[in-house]
Amino acid sequence: MTSANVGMSTRRDARGAGREAATEACAALPRAPDFLLVFGTSGYDPAEMLAGIRGVSDAPLAGCSGEGVIAGDRSCERPRAVAVLAVCSDTLRFESHLLPEYGADSAGAGAALAAALRGRDDLAGLLVFPDGLMGDCERFLCALHEGLPAAARAVVVGGAAGDAMELRATSQYRDMLALQGALCAVAIYGPARLAVEVSHGCEPVGGPMRITRAEGPWLRELDGRPALSVFEEYLAGGADALTAEGIAHLGLGEVSPDAPDVLEVIHTPHRFDRATGSMGFPGGGLSPGPVRMVRRDADAVRSSTVQCAQRLRDALGGQHPSFVLQFDCAGRGQTLFGPETGDAIVRPLRETLGGDAPWVGFHSYGEIAPVRGRARYHNYTVALCALCDA
Amino acid sequence: MSADEPEALRAEIARLQSQVKLLVRAEQGLHRARREQEQQAAMVRDLASFSRACASDDAVATIVDRALRMLDARITLDVLCAATLDDAAVIDLDAPDASDSLHDDERAWLAELREVRVTPIDDESLGALPRGRLREAVEGVRRPACFAVIPLRVEGRTMAALWLAASSSGRRTFRDDRLELWHAPFLALCQGSVERALENAALTRALGDANTQLRATVQGLQRAQEELLHARKMEAVGHLAGGVAHEFNNLLTVVLSYGAMLQELSLPEPARVDLARMLDAGTRASELTRQLLTLGRRQVLRREPVDLGAVVSAFVGLMGRLVGETVSLSARVTPSLPSVLADRAQVEQVLMNLTLNARDALPRGGSVVIGARPASARDLASVSCDAAPEGYLALDVIDSGVGMDAATRARIFEPFFTLKGEGKGTGLGLSVVYGIVAQSEGHIAVESEPGRGARFTVLLPVAPSQSERPRVSAPAPAPRGRQGRVLLAEDEPLIRHVTVRALRAAGYEVCDAQDGEEALLRASTLDGLDALITDVVMPQMGGVELSERLRAQRPGLPVLFISGYSPTLLEGLRVERRGIAYLPKPFTPKQLLSQIDALLGHGG
């Protein structure tokens with residue numbers, strides 16, 4: 001049986017915050033935890049925060065930084081916040097991996113992780129937390145997918161580490177180590193069932209377009225025109241408005257090959273090159289094909305998120321999850337809902353799934369979740385993952 | 001479809017797409033406006049919550065700490081400090097346990113600030129800051145950055161200051177909550193809210209102090225009023241009782257005097273026995289009237305320096321076996337006590353009455369402790385006396401008995417109040433104690449709770465030093481032999497008659513008058529006069545005035561006052577006290593003659 005509990009702290013001192021969150025998380029467990037999942041915001045010195053957690057428990061630890069953290073019904077996007085999920089299980093095993101080469105060689109990191117995971121046939125799921133400002137997550141996911149046996153292509157879900165919308169640096173944690181430009185992964189072994197649902201709540205605007213030229217994370221042309229010039233037509237302040245404000249409003253949506261009105265994966269640019277007229281998309285994943293310009297709509301986000309939770313509940317078939325993970329795009333929290341983020345996109349989901357399941361997550365710079373059987377890198381999306389004992 | 005339709009359709013699509021783009025751009029502007037509105041609304045809510053929370057706070061540091069936490073919840077800050085200028089203490093939310101102080105330079109600089117300052121951090125702005133904690137904190141923030149200083153002034157004086165600093169991301173974010181120049185209006189509002197909270201706290205403190213003082217004053221007044229009422233009640237009862245006793249004494253004087261004269265006759269049995277019983281009853285009645293006069297403060301006191309410790313020790317030694325086998329009586333005397341100015345017999349009376357009262361409170365045995373010690377400030381405060389404690393000694397009678405409730409304590413000094421059954425006590429014991437203490441210019445207090453015994457504390461004035469005591473002169477020499485002419489002034493006919501009879505039977509020549517005026521008239525017709533016997537209170541002219549006027553004419557004339565009133569009246573005399581004596585009523589002929597003999601120097 002798997003038990004879990006969540007703790008959170010917003011203390012100004014990092015060590016005290018880590019200690020407080022870990023204490024709360026470990027307090028209600030029937031025994032000492034087997035594993036800790038930690039998400040903290042960039043206002044903390046990660047070494048001090050992890051030291052505070054270590055002072056409470058020496059269980060293996062993994063996680064990353066986020067633009068905000070989610071714990072229970074609460075969403076906090078302040079620079080100083082930390083959430084800890086403490087898990088103990090008689091049947092499941094949690095194994096963490098840290099890939100420092102991810103930022104420089106994302107594909108190589110994917111292949112390396114796949115190699116590390118081969119040889120076990122009870123892999124139930126894989127949580128991945130890449131650096132949200134470096135690397136090419138799509139290449140990493142492709143390499144990982146190709147390197148794992150079909151039977152082992154377990155559910156891959158996660159979120160890209162973020163900072164406080166400064167787009168400066170993120171952290172990935174494993175035990176007492178905090179790196180930048182890396183990827184942290186947690187493999188879950190044993191009789192477990194992971195159910196994942198995604199939702200973005202974006203609305204297409206304008207007519208259909210095609211990516212006519214893309215190179216890795218750079219989008220060069222849309223319909224044969226410089227991508228930046230196409231975006232500028234929709235930005236109130238032109239390319240100079242391509243700050244978090246601009247990012248929060250506009251993106252590109254991949255059109256489903258099966259349904260032209262369905263947007264499968266949303267991509268968000270966070271930088272541009274005026275000289276080449278190119279738009280930079282972290283996580284990559286852009287390839288020639290049909291796309292639509294998309295805008296966010298608060299009501300659509302709210303309603304689609306609840307529908308996502310309903311689908312997850314239906315997928316569980318009445319089974320009560322041991323814990324739920326929520327990886328929610330940084331552009332869907334405070335930037336869209338202000339201080340009511342928890343009431344808009346956290347509490348309704350929790351209530352839909354029963355209201356008392358241990359709930360943890362963070363506001364990410366990208367979300368990893370499967371689309372048509374394969375893990376993809378998303379933006380503007382929420383990836384909900386519920387773990388149940390099989 | 002015509003050849004023009006595709007072109008028209010494309011144009012229409014292009015037009016609609018332009019409109020969509022316009023709408024999307026407009027939406028971004030609306031979103032920004034809404035977010036700014038929400039931020040401002042949130043700031044106003046924060047200020048309102050802060051003001052509500054600060055309403056009852058007292059300490060400046062508490063209000064300042066709350067202000068820091070409010071700002072921390074609203075603005076992203078790397079530095080969040082404050083200082084209270086009175087004690088130069090620094091409050092740092094990032095190091096709450098550290099005790100840091102302002103540098104003198106920055107303390108002076110902060111004291112002069114009036115307005116909120118929000119400034120980008122650069123070399124120029126840093127250079128304008130004084131050396132100290134503020135500058136160190138701001139220097140440590142990563143550039144580009146912004147800092148703010150908020151002075152908090154109350155009644156024209158800077159009491160505290162907040163200083164904030166934050167690095168800037170260098171790019172606009174939706175949160176916009178890092179400290180920026182545009183926060184200046186909000187910080188100015190914050191300054192106003194905190195200053196009002198500090199002012200309210202100061203006013204609340206002052207009001208609280210005033211209320212406390214007022215409450216103490218009111219309580220003191222109430223206590224004094226209660227004591228005054230009690231004293232007046234006691235005085236009224238005492239006057240009434242004393243007045244009755246005075247009249248009664250006059251009648252007893254007649255009864256005892258005639259009874260004494262009858263005793264000198266050879267009466268047959270059973271008349272002789274009946275007469276003895278009648279005189280015994282009269283003597284007991286005179287004892288009762290003496291107690292009534294005591295509580296009416298009309299008895300005679302002979303105040304002199306008394307060694308209180310010795311009195312207590314002797315009393316305990318004498319009474320130790322008499323209080324009962326189940327009651328232990330002990331003394332607790334502080335060594336080397338000064339003397340008190342009191343009537344020794346009355347002090348012993350007080351001890352007796354209080355000890356008997358304590359014994360009665362120990363139906364199943366227990367202990368009684370009698371103590372003598374210097375009075376304390378607490379003793380004097382308990383009786384609402386402002387005098388210095390050095391002027392008093394305390395006499396304690398402490399029992400481990402059944403105790404008294406508040407209702408009983410309020411009445412114990414009332415005459416005739418008793419908790420004993422009918423016929424088992426007069427209820428005058430503690431009233432007599434009260435009268436003696438009051439007449440001795442002392443105080444008495446009682447502490448007791450049901451089941452927790454009782455403690456009576458009598459405060460007696462310390463006797464002045466030897467040189468301060470008034471000299472009492474020896475009586476003037478009187479004629480030898482029981483001969484002489486005596487002038488008697490007494491307005492009560494029965495007393496006058498029996499006194500004249502007793503004096504003449506003893507050999508004196510007596511001239512009597514019914515008041516002072518008549519006595520003066522009679523005296524003017526006498527060539528010689530050896531003594532004046534006079535009542536004190538008489539119509540037309542009282543005994544004191546009579547004695548003054550006669551002694552003016554006949555210096556050194558011996559005077560014997562016969563009365564139930566206190567000799568304090570005599571202290572008002574502007575004459576020497578030589579040759580003046582006092583005989584309280586009721587008296588027997590024998591007592592009268594004994595006083596006259598002593599006054600006139602006759603043997604016997």
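1. Two strands count as paired if DSSP finds at least two bridges between them. Helices (H or I, at least four residues) and strands (E, at least two) are DSSP runs, numbered from the N terminus. With that in hand, look at chain B: strand S14 (residues 485-489) and strand S16 (residues 531-535) pair in the parallel sense over 4 bridges. Within that pairing, Val486(B) sits opposite Ala531(B) in S16(B).

2. Before going on, a word on the source: this is a predicted model, where local features need pLDDT of at least 70 and side-chain atom pairs count only at pLDDT 80 or more, while totals for chains, interfaces and linings use all residues. Residues are numbered from 1 along each chain as its sequence is written, chains are lettered from A and ligands numbered from 1 in the order in which they are written, and side-chain values use heavy atoms, leaving out hydrogens and water.

3. Now zoom out to the sheet. In chain B, 5 strands make an open sheet with parallel pairing, in the order S15-S14-S16-S17-S18. Its edges are S15 (509-513) and S18 (580-584) of chain B, each pairing on one side only.

4. Next, a helix. H13 (residues 493-506) of chain B packs on the sheet and touches S14, S15 and S16 of chain B (contact means heavy atoms within 4.5 Å).

5. Another one to find is H16 (residues 589-600) of chain B, which packs on the sheet too, touching S16, S17 (559-563) and S18 of chain B.

6. Over in chain A, you'll find 10 helices and 26 strands. Of its 390 residues, 65% count as buried (under 20% relative accessible area, with a 1.4 Å probe and protein chains only).

Terms used:
Buried means under 20% relative accessible area, exposed over 50%, partly exposed in between (1.4 Å probe, protein chains only). Axes are lines fitted to C-alpha atoms, for helices over the stretch in contact, and angles run from 0 to 180 degrees between N-to-C directions.
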